[in-house]
Structure formats: C-alpha cells, structure tokens
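Please look over the sequence and the model below before reading on. The report that comes after them is meant for a reader who has not seen this structure before.

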Amino acid sequence: MPRHRLNTRMSAIGCAALVFAAATVSIPGVAAAGPATTGAPPTSCDAEAAGYRLVRVLDLPTVANWRDTTPPYTFDDTAGLVGGFDRVGYCLELTAEAGTAWVWTSMEALSANPDDLGLPTRMEQSRHQFVDDLTVASNVPGVREVDGGSGWVEMWPNQYDATGSGQVPGASETARDADDAVLWANGYGSFQVHAFADAGDARGPRAADAATATPVLAVNAFTAGSQAMDVGIGAAPGENPDWTSARNAGDYTARRLTFYARPSLARVETAPISRQVVPRPGRIATSVPVPVRGVALDPDVTEVELRTTRGGRRTTRRATVSPAAPRFSFTVSLPVALASTDLELVALTVDGDSRRIARAVDVVAGDVIVVQGQSNAQAGRQPNSTSSEADRSRWVRTYGTSNNNNPRLAAAIGGWTYATGDNIQRVAAIGQWAVRTGQLMSARLGIPIAIINGARGGRPISYFARNDSAPTDGATNYGMLLQRLTRAGLTGPDAIDVMLWYQGEADRDDAEAHVSGFTELVADWRQDYGAELPVHVHQVRNSPCDQATPVALRDAQRQLPDTVGNLRVLSTTGLNGHDGCHFAYIDGYRTLGEHNAAMLLDDLYRPGTPKVAPPNPRSAHRIDTNPHRLVVRLRSPAHPLTVEDGAAADFRVPDAVVESVVWERGRGLVLTLDRPAPARATVAYVAHRRAGPRVIDSLGMGLLAFQIPIE
C-alpha cells in the first residue's frame, strides 16, 4: 500500500503534527492527473514515491550560479500538474565509487504553484517554516526513518547566518544547522529539510535541551557562483551540521535532485492552517466558527470526512460528494480558550480506500495585536542584556517574518510560529516587550494572542506612510504589513484588536512632521483595519536618541488623544534599563511589556473609564501666596506619585532652577523654584538618559514628558 493512506503506520517518534494546504488555492477544478509520467527517468526513490508524479529532475554540477534564473532541469513536467497537488517529495542521490547514497522525504505542499517545485533560485520561492506529515527514508546509516512527523525547512536563494528563529530547540547560534536566519541579501542558497527527533509534537516553545531537529538533506550554494556546492544527506560531520561551506560537490561523480508531487483528490479552498490564531471579532465571543470547504477532483471520491480532535476527544463528520455534486463544506467551532484543535480531512473512494488530503495541528482562536514603529518597537535583545526566552508562551504566536528589508522575501515567507523576543528581522520575531505583553495577557485572559510586528529601525514617520493609490504596495512598509496580515487571515472587520506604536526618535524632535504623518497614518489604518481600531502610542524616551532635552515631539505625542479618538499614550520615563536609546530587558523592555499588558487589559477588556494610565499633566499655575512655587495638576491618576530624590533636575522653567518637587494630595506635583517664575513662562519635564531618579505611579509608570504654559 502506498505511503500516506489513512492507516499508514507511525514510526517510533509518534503521531504527526499537521498542516492544511494553503487556505485558498486557485487551481481549475478538473480531474487530477495520474501519477504516471511519460519519459520520467528511474530514481532510487521510486518505491517510496508510489502515488506521486515525477515533476522535475536536476543534475547538480560542481559549481552553480542560478540566481534569479531557472536551473537547467533535465526533465520538466510541471505542465502535467493540471489538477493541483497536495504533497511534495524530494529525492537526493549522491554517487561515489562505493555506490549511490539516497534519501527520500515528503511533506505537505509548500505552495500551490508547480513552478515552485524546484530549487528556490528566486526570493519569491523562499520558505522558512514548520512542515508536517513528514516522511523520511534513506539507505544512509544514521538517517532515521520518519513516517508522519514534523520538520523545519530552510529554502531560499539568499545568504544566511547562524542566529535562529527559536523554533528548533538546541539549535546553535554560531554554527549553521537546523535553524538559521535568512538574510535579505541574495547570493548563496539553501535547500534544506530537517526532521524533529521528537516530531510527534512540534508544538510550542521547548527547552534548549529538548530533542532538536537534524538535517535530512541539504543542497547549498546554488546561487553563489564562485565556489563548489554543498551537498549532503543527514548531518554533516564538520562544524556546520547542515553542510554549509562543505564545498564537497566534487567528491561525487554524480549528484541528482528529483522533485515529485502527489496529485490532489480534492482541492481545499478554505481551511485553517497549522498553529494559526483565528481572530475573534469584538473581543467578546467565546467561540469562533471556522469554515472548511473544498471540491472533490477525482470522480472516485464518494465522501469527504472531517476529523476534529481536541483535548484527546475526536469527532467525525462526513459529506457525500459525486461528480455531479463535488463540493463539500463543514464548520468547526473553535473555543476562544487555551485549547488546541487538530483537523484532518480524509477522502473516501468508491473502492473502499481512504487517503488523508489535508491536516492542521494546534489551531486556536484568540485576539490580535499589531506592533509598529522603529527600533524600540522591534525591541530586540541589546548587547549584554538578559534574554526574554523565559517569558515565551505556546499561546503567543506570530505569522511570517519581520524581515522587511526586501519586499520579495517578506512576501514569500509565511507560516505560523511561536513568537520570540530576542531577535529582530527574523521569522517568529515580535520583540522583547511584546513577548512579555502577550504572555501576561494570554495568561490573564485565558486565550491565545497573535502578535504581528512590522517595525523597522531608524526610520522617520514618512517611511511608514501608505501608498494611497496602492495600499498593498510591497515596496512600502505599510504595504508589506498589510500583505502579511492578509495572508495570515488577520484583516477584515474587527480582526485586529489594537495597534501599538513606538516611533519618533528618527523624527529628531520635529513635532509638526511627526503629528501630521502619524495622524494620517492612523486614518489609513482605520480605513484598512477597521474604523474603531484602538491605537496605543508609546511616548519616546528621547528624540533624537542621543538627546534628553528636546521635548516638543514628546509633548505632541502626549497630546495626541486630544485630537485623535480612541488613542492612548504610554510613558517610558519610568524605565531605568535605558542605554540612551534602547532598553535592557530587566527594568526595561520587560517592564514596558508589563505596562502594556496592564493598559491593554484595562482599556480593551474592562468596561467604563480607563483606570490605568501614566501620570499626565493637565495644567500648571503659580501659588499666589508663594511666588517661588508652582503646582502641576494631573489628568491622571488620583492616587499618589513617588518622586525619587534628584528628580527635580529633570524639570525645567526658563530663567529659574527647580530646587525640589513633591507630591501633595489634592494638588498634584508642587515645584519649588529658586526665584519666581517669569511671566508667560513654561514648565517642562524632560526626563533623562539612562537610569536616574524618576516620577512614577504605583505600577512604576513614569510621568509623561511635557511642556505646558504656566497659567
């Protein structure tokens, strides 16, 4: 019996983790082509590839430079896949004097486009994600057989480094292995499949000492052009387990890579994908209905069965199909809770046979946060800072890559992953404070949280603007984010629950340009993501980064709620872990994540007037009986503030020195000057660079920087 029938055996590593094919596949609904391929050459994997159609054969040279070109396939039958395909297979054969070593691996289809069945020589073909329902077979000692497992693929024409995505436990940060980071620059190339040793349950962040993933096959350096290619089966014996820089293609007399596809019995048009967070509208619903729809392509299919597993309990439903009525449709109700659902679609045929046609694992429903801005929104781990790994959660997830250096690469990489905080411009990266925010909110609310980070460091407000004639323009940061959210299924009415913004350092205290650009940006967000989209703005610590005195832009940010509805401002002056521009994790990004969670829980999930807010001045006036003293009244909060010793140095009144600042109940902040405040003077709070004395509330939220007239 061919592999991947419903009753196929499982290897010792356990049951598979699963993924549906692409949620929407636009391939004509015609009968699938059979597995026979006229003129196809035999391979060492023919027995393993039963039921598959051979699509392409590539004889690998010693040196190649196929960057942005189609490799010279010796056999190409991509045109024969007229009915679509649901699985792909790869066979690597390496021939030396001792004989031919081979490996076969197959998995869910990574793309619906037949042209993607080949080496990824163009950035649009890049993949960097989990794969599921994985099989591995080989004649090479030490390559473990897998049947129904999970893995990780690294397929791109680009350069890459050793820093990982945090999805593969035990992966090295210095050696190229199962978890590397694709860089924006083209010009090396990776075609790698890795299998998890405990592939039965590739779910959630796992400890670094857990079983890792090992290479199954590797073909590298096919866009390098100046060095021998790297080829290998299993793990390499050298420094880099994934064969990077092995330059060993010349060690073999023949090297052949063959690509297969399994013709579809049915086309799945709409379904969740593995590890997806399905958004609930309005932050109220306790469950979300999710459609699973498609059409049978093979006339022998008589029924389609949907199997749903949650909490160890399976339910099964069937839909009858026929050539006259080939469509099938189900609805799955996903609880908005810390509960995982697995789905499996099985086609039943007239001869009593059955075949799994799609699967999805660890699907959840929850709420969605988008983070946008510059480097303090990216919020990666700073030099000599603490890691945020301990604050990761299985229930905080993201989609695609935050690497928006190259639109082609950003648009290609998809897949849901478990969010990480330490890295930036990487698959799964959302930033350290976002990881902490998501973890706290998920635990407090008892629901999954999706966080998508579209930030880019060092950019002014103009960089984030929308191309109004083409909002999805991938050449813009706005368009890249909109495309990514659309591919993730996170657009539409009420899909996004809040936008968190941290930007302004690069605007160098140009308050007018910042406010104008940001006000327009909010209007564009609300046109594309929902008219009532809440927005939270982080008042920057400095603008520009190396100066603490300029306050015009920060004061303009403080006043944004006065002119932009449904917007709140969060302070950063209470964070001591400040290096002059960015923040350490402890007493920095971690605390900021806690402040974000407190404000979001208060603002979005508790009805009534918000109770959590940073201290914010309302007005300032002289005390008539003592002209050396000023009172700064606050909009919020009503509870006492702590004014740490030395904080008076961060308050400024022209032509006067602020000698002391105290909190007085019923009044606010009382400032004592060395002389009466001049007429028509202002009072400002500018905070400081790095650690220092603060003005904070009971949650540790710092006083918002401000400059206001003295009445």
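## Basis of the report

The structure is a predicted model, and the descriptions that follow should be read with that in mind.

## Disulfides

How many disulfides does a search of the whole structure find? The search finds 2, and, when the bonded cysteines are counted along the chain, the disulfides follow the pattern 1-2, 3-4.

One of the disulfides joins Cys45 to Cys91, with an S to S distance of 2.0 Å, and this link is right-handed, with 75 degrees about the S-S bond. The two cysteines belong to distant parts of the chain, since Cys45 lies in the segment before β1 (53-59) while Cys91 lies in strand β3 (residues 85-96), and they are 46 residues apart. Cys45 has 0% relative accessibility and therefore counts as buried, and Cys91, at 0% relative accessibility, counts as buried too.

Another disulfide joins Cys545 to Cys581, again with S to S given as 2.0 Å, and the link of Cys545 and Cys581 is right-handed, with 40 degrees about the S-S bond.

## Helices α4 and α5

Helix α4, which covers residues 477-487, packs with helix α5, which covers residues 511-529, at an angle of about 25 degrees and with the two axes 12 Å apart. Because angles under 35 degrees count as roughly parallel, α4 is roughly parallel to α5. The crossing of α4 and α5 is right-handed.

On the α4 side the contact is made by Tyr478, Leu481, Leu482 and Leu485, and on the α5 side by Leu521, Asp524, Trp525, Asp528 and Tyr529. Sorted by class, the contact of α4 with α5 has 7 nonpolar residues, 2 charged residues and no polar ones.

## Helices α3 and α7

The axes of helix α3 (residues 432-445) and α7 come within 8 Å, and they cross at roughly 45 degrees, so α3 and α7 are oblique to each other. The crossing of α3 and α7 is right-handed.

Which residues of α3 meet α7? They are Gln432, Trp433, Arg436, Thr437, Leu440, Met441, Arg444 and Leu445, and their partners in α7 include Tyr585, Tyr589, Arg590, Leu592, Glu594, Leu600, Leu601 and Tyr605. The residues of the contact of α3 with α7 divide into 11 nonpolar, 4 polar and 4 charged.

## Glu97 in its loop

Glu97 is found in the loop between β3 and β4 (99-108). With a relative accessible area of 85%, Glu97 is exposed, because a residue counts as exposed when this value is over 50%. Glu97 can also be placed relative to Asp251, which stands 154 residues apart from Glu97 along the chain, with the C-alpha atoms of the two residues separated by 9.7 Å.

Methods
Residues numbered from 1 in each chain as written. Predicted model: local features only at pLDDT ≥ 70, side-chain atom pairs only at ≥ 80, totals over all residues. Heavy atoms only, no water. Axes fitted to C-alpha atoms, helices over the stretch in contact; angles between N-to-C directions. Helix = DSSP H or I, 4+ residues; strand = E, 2+ residues; numbered from the N terminus. Parallel < 35°, antiparallel > 145°, perpendicular 65-115°, else oblique. Left-handed = near helix turned anticlockwise from the far one by under 90°. Contact = heavy atoms within 4.5 Å. Nonpolar A, V, L, I, M, F, W, Y, C, P; charged D, E, K, R; others polar. Disulfide = S-S within 2.5 Å. Buried < 20%, exposed > 50% of the residue type's maximum accessible area, 1.4 Å probe, protein only.
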